[in-house]
Amino acid sequence: MALVVRKRREPLPWWGSCLIFLAAVALALGGGGAMLALQGKPALAGLSVLIGSAVGSLWAVEDCVLKAIPLFLCAVGVGLSFRMAVWNIGAEGQFALGAVGATWVALSLDHLPAAVLLPFMGLAAAVAGGLWAGVAAFLRALLGANETIVTLMLNYVGILVLEFLVFGPWKDPASFGFPMTAEFVPAAILPALPGTRIHWGLVLCGVVGVAVTLAMRSSRLGFEITVCGQNPAAARYARMPYGALMAVVLVAGGALAGLAGFVEVSAALGRLQPSIMTGYGYTAIVVAWLSGLRPLGVAGVALVLAALRVGLESLQLDFQVPAAFGGMMEGTMLLVVLAGSFFSRYQILRRPA
Amino acid sequence: MSWEWFLPIVAAAVQAGTPIFYATVGEILMERAGILNLGVEGAMLLGALAGFWTSMVTGNPWVGLAAAAAVGSLACLLHGVVTTVALANQVVSGLALTILATGLANFLGTPLIGLPAPGFDQRPLPGLSALPILGPVLFHQDVLVYASYLLPVLVSVGLRRTRFGLRLRAAGESPTACRAAGLSVLRLRLLACLFGGALIGIGGAYLSLAFTHLWTNGMTAGRGWIAVALVIFAFWRPGRAMVGAYLFGGVMAFQLRLQAAGTTVPSSLLLMLPYLLTVAVLAASSRFRGVAGAPAALGTNPEPSE
């Protein structure tokens, strides 16, 4: 019996993508369990801690939502450029710069009331993150420098800028030598929504999600971005401004990652310190691709990968599992979904006799 | 003041550049066959771990080196299979490989931090090491550095003058023509992953077996990404890659010297240098990308044949 591969004429039904995603999660869990066993740790107990501590209580679910907020913001931003086949993988550095920008406002304008200070911090974060990504856009537009490598290199530089500041000029004299800024004034802390531990960053996510969905669906800008991503030749023929659109997706993505940095430094830490960098920017790449680049999908996948992070924290405590375990599982999921996407584009048929 | 103080720094530059050089040549092989591999950083780190662990267990760094090459090949083959068999996006697949391999290496490597393993030490080459200037710079190194001097010639001749090299380049320039000539693009690209991955793995092992004799988590520290950028700087030619790699080695060696000399410049600013240099080098060489011969089908997957 001979088999042939043929391009799908109709798209794979929705349950097909779900099936691929579930297979990815299952394989990642299986692979993770195998790795635990390899290091002589109880695999099943480990996996049950991983899952149980992420969804087992209201407290844990709140934690998942809190971690999903920066992931969502970064991933929506990364997804914008991915739609245009522009590869911004610098959300980590843009996040760092966002945190730096917000901290700068929080430390230098600390006499302002919260209603003025917080928007200013957010603005500074978005501008800082956007400019950081703008460097890549500028170099690509002007010299054709590959944005993938430039954005990635600026991750390392951005994190070092943050470290330079907290080890040097911004170090709190009262911190006993620890690299951290002074604690923010209460007005610089993003408050929690009434009755929960979840802060206003969630509302920000909602606004961003709706705005991006609307812009992509029903504006000329969104249409042009999609066309440039799917058929650059057609876009050029229609005289769409490729360079300007590329700059827009990069800078907007950087601004969103910057906002995530603002939310984290203000609500989660209340001061700037190196431990703010936990790889949200890299996980966001996984989130963006797994979600099929749709904001609603981003929210769902961000929650799943946030849950993985929450579970991993317990796993680290209970079984001394290194944090790198999370990267391993994220990478596995992404590779499986990539390999599985073959079935959403092609079908395997029996060759007609 | 004599100028001889300068020689140890140049020698250190050659040493620090060697792992990047191996990885760059590996990436050139893959890109020449049309596979853009952003998994270098991860594959390199996995190679560093495999080399270190195997050398520690067997007590023989050569076995470690072979293991690093094998693991590098396997990692890049994974990327190769996902992109050439499952026809997935090459950029995202490479990123996935880096995320997966970095996580895996740091996870498995955490218990090995601080343990000793036998590695490669510097052995002056008899005769050549007595040469003025060139001797102390090029021939007071370890055996992996000496081996790397042969790479540009071997790879250039292999790509230009052999039938296999021609076919490999055809898979990167025009997969359709390649297929029309009755060749399997799939097989050629997977072979490129095999050979390129081995070099990338060896580049990683150089860090844990020769540059230091230690394993530390994340010890590649962006060298894999620098290699990806250097491929563009090198115009996909191994000889130019050597120059670029030593340039980066020079910056890294300079930064280490400065720190050791107790400079007042904050270390976070010094550590930025190689990354900023990467951006600068990339920006400077990108203008010539068109004329410099990027493989025409780089990063694209041919449709499956009916």
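This is a predicted model: local features need pLDDT of at least 70, side-chain atom pairs count only at pLDDT 80 or more; totals for chains, interfaces and linings use all residues.
The C-alpha trace of chain B spans about 70 × 45 × 40 Å along its principal axes. Of the 306 residues of chain B, 54% count as buried. Among contacts in chain B with a separation of 6 or more, 79% are accounted for by residues 24 or more positions apart.

The contact between the two chains takes 43 residues from chain A and 40 residues from chain B. On the side of chain A that touches chain B, two or more residues each come from strand S1 (3-7), helix H5 (114-143), helix H6 (147-167), helix H11 (280-290) and helix H13 (324-345) of chain A. H13(A) gives the most to this side, with 14 residues. By class, the side of chain A that touches chain B has 31 nonpolar, nine polar and three charged residues.

Within chain A, helix H3 (residues 58-83) packs against helix H7 (residues 201-218); their axes come within 9 Å and cross at roughly 25°. Because angles under 35 degrees count as roughly parallel, H3(A) is roughly parallel to H7(A). The crossing of H3(A) past H7(A) is left-handed. Residues of H3(A) in this contact include A:Val65, A:Ile69, A:Phe72 and A:Leu80, while those of H7(A) include A:Gly201, A:Leu202, A:Cys205 and A:Val212. The contact of H3(A) with H7(A) has 10 nonpolar, two polar and no charged residues.

H3(A) also packs with helix H12 (residues 295-319) of chain A, at an angle of about 130° and with the axes 7 Å apart. H3(A) and H12(A) are therefore oblique to each other, and their crossing is right-handed. From H3(A), the contact with H12(A) includes A:Ala60, A:Asp63, A:Lys67, A:Phe72 and A:Gly79. From H12(A), the residues in the contact include A:Pro295, A:Val298, A:Leu303, A:Arg309 and A:Val310. By class, the contact of H3(A) with H12(A) has 16 nonpolar, one polar and three charged residues. A:Phe72 of H3(A) takes part in the contact with H7(A) and in the contact with H12(A).

Technical notes
Residues are numbered from 1 along each chain as its sequence is written. Chains are lettered from A and ligands numbered from 1 in the order in which they are written. A residue is buried if 20 or more other C-beta atoms lie within 10 Å of its own, exposed if 12 or fewer, and partly exposed in between; C-beta atoms are placed from the backbone. Two residues are in contact if their C-beta atoms, placed from the backbone, lie within 7 Å. Helices (H or I, at least four residues) and strands (E, at least two) are DSSP runs, numbered from the N terminus. Ala, Val, Leu, Ile, Met, Phe, Trp, Tyr, Cys and Pro count as nonpolar, Asp, Glu, Lys and Arg as charged, and the others, Gly among them, as polar. Axes are lines fitted to C-alpha atoms, for helices over the stretch in contact, and angles run from 0 to 180 degrees between N-to-C directions. Angles under 35 degrees count as roughly parallel, over 145 as roughly antiparallel, 65 to 115 as roughly perpendicular and the rest as oblique. A crossing is left-handed if the near helix is turned anticlockwise from the far one by less than a right angle, and right-handed if clockwise.
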